Amino acid sequence: MVSPVITGYYRYTDIFFEWHQALPDPLDRSPLKAVLSQDALVHPDHPLHKDGIEGIELYMGTLQNFETRLLFSSAQVEYIRYWLHAMQLTQNPISLPYSDCLLTESSLRHVSPVNFTTREDLRKVLRQIEKNNKRLKGVDPTLNARRDIFERVRVFWSQKSGVWCALDFEAWDRDHSLLTEFGWSTVCWEDDNQIDEQGHLIVKEHRYYNNTFVPNHKDRFAFGTSEQVNKATFKSRIQKLITDLQSAGPLFLIFHDNNQDIKYLKSKDVEIQLPNMAFLLPDVLPQEGIFIIDTSDLFAALEGEAGGNRRSLERVCRHLQISTTYLHNAGNDAHYTMLALQSMASGDHVDLQREKRWPHRTGTNATTGTTQSGTGVKVNFDPWEEDDDFSDQEGLFGPIVDTTQSAVAEDNPDEGE
């Protein structure tokens, strides 16, 4: 049997609840309901099962109004109807759902696969989608824009194409025009194998300019050997790095809070020409160009932050459970920025990923535990997670627990899932 081609997507709810009811022959309805049952979908013998993938692969799509939907692909729907007929479970191939159900590329901002291994996983995600769509009604457009970027980054990263390069500069904290270090961390792929590289340069002439307000960690590069170079070599090495990386296809430059680092790239000490630099990611993976990605924006999308509160790299890594050492070394900061990007980009859809990382801590009423329309999806971190000073107290007394929230979660086990 020839595998159908994906021409669009159908909402899971339309296929699961409505398709069988629309069939004119009552004898066709039971076989279709049976093959679409949640227990059947996740079974390894299901006709939609893919080799190497446990359970069922469906799709998460974001509509143009930013609502999320669980989807079947059109190819999956086509295959089901022909499989039922080939197995002689229906007398003829059943009719497709009516055309208005089909979501085409223009109807969706982005789509990505999602796997379910149990019926419970599938039901849990359906509940999460419904709650999150309610929470996101009327939220600040900034959050929707960040969520859109987050999903585009996930889709592009999964395609293992182009070069992804995290960059960081360090400057003397008494004169930010005086650059002292540069670090980079790159990821690309050859034959589907990920290749990682990193490096660290120290400006020889500025070697002994020590900071007053931030740590002096220029000699603490943890992922290779630092190179001490003069100002002219510093400039030419960075220029060559960017030029070489552009030759491999699209170049994604990754920063943590990019504003100052992009100024350094354009400064007289570096003079990188970026005429085709773009801050917005296209709808599909580009073949060329330079695109800016900011991990502070990605984390804001993940934690549901709509305002201007940008987390530091140290705080982002802490929340993502990435251990760090000697931050404020440009090479280390570039490496940890890349790890933060990988952690988020290789994870699930933004809402599923948030709930897996911080379950039962999003958008609920603190008193009733019920989901509130328009409350957003902001994660409620505990004080000991946010404040360095709490770590000492935790060592003596254990983590501070909000017993009210714990009781609410127990009384409402479905809420926040």
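**Close-up views of a predicted model**

**View 1. Helix α4 and its surroundings.** Helix α4 (residues 74-86) has 13 residues and spans 18 Å from its first C-alpha to its last, close to the 18 Å expected at 1.5 Å a residue. The expected span is 1.5 Å times one less than the number of residues. Helices (H or I, at least four residues) and strands (E, at least two) are DSSP runs, numbered from the N terminus. This is a predicted model: local features need pLDDT of at least 70, side-chain atom pairs count only at pLDDT 80 or more, and totals for chains, interfaces and linings use all residues. Residues are numbered from 1 along each chain as its sequence is written, and side-chain values use heavy atoms, with hydrogens and water left out. Buried in α4 are Ser 74, Ala 75, Gln 76, Val 77, Ile 80, Arg 81 and Leu 84 (buried: under 20% relative accessible area, 1.4 Å probe, protein chains only). These residues pack against β1 (9-11), α1 (12-18), α2 (29-35), β2 (56-63) and β3 (68-73) (contact: heavy atoms within 4.5 Å). Just after α4, Gln 88 takes a positive phi of about 60°.

**View 2. The largest nonpolar core.** Trp 164, Ile 293 and Leu 341 touch the most other members of this 36-residue core. A nonpolar core is a set of buried Ala, Val, Leu, Ile, Met, Phe, Trp, Tyr and Cys residues joined through side-chain atoms within 4.5 Å. Elements that each supply at least two of its residues include α6 (141-158), β5 (163-171), β11 (290-294) and α11 (330-345). The largest share, six residues, comes from α11. Another core, of 28 residues, lies apart; Phe 182, Leu 201, Leu 245 and Tyr 264 are among its members.

**View 3. Contacts of Ile 293.** Not counting residues up to four places away in sequence, Ile 293 touches Val 153, Trp 164, Phe 252, Leu 253, Ile 254, Phe 255, Leu 281, Leu 298 and Leu 341.

**View 4. Helix α6 against helix α9.** The two helices pack at an angle of about 110°, with axes 8 Å apart. Axes are lines fitted to C-alpha atoms, for helices over the stretch in contact; angles run from 0 to 180 degrees between N-to-C directions. α6 and α9 are therefore roughly perpendicular (65 to 115 degrees). Leu 143, Arg 146, Arg 147, Ile 149, Phe 150 and Val 153 of α6 meet Asp 297, Leu 298, Ala 300, Ala 301 and Leu 302 of α9.

**View 5. Helix α5 against helix α12.** The axes of α5 (residues 119-135) and α12 (residues 350-357) come within 10 Å and cross at roughly 105°. Val 125, Gln 128, Asn 132 and Arg 135 in α5 meet Asp 351, Leu 352, Arg 354 and Glu 355 in α12.

Note on methods: Buried < 20%, exposed > 50% of the residue type's maximum accessible area, 1.4 Å probe, protein only. Parallel < 35°, antiparallel > 145°, perpendicular 65-115°, else oblique.
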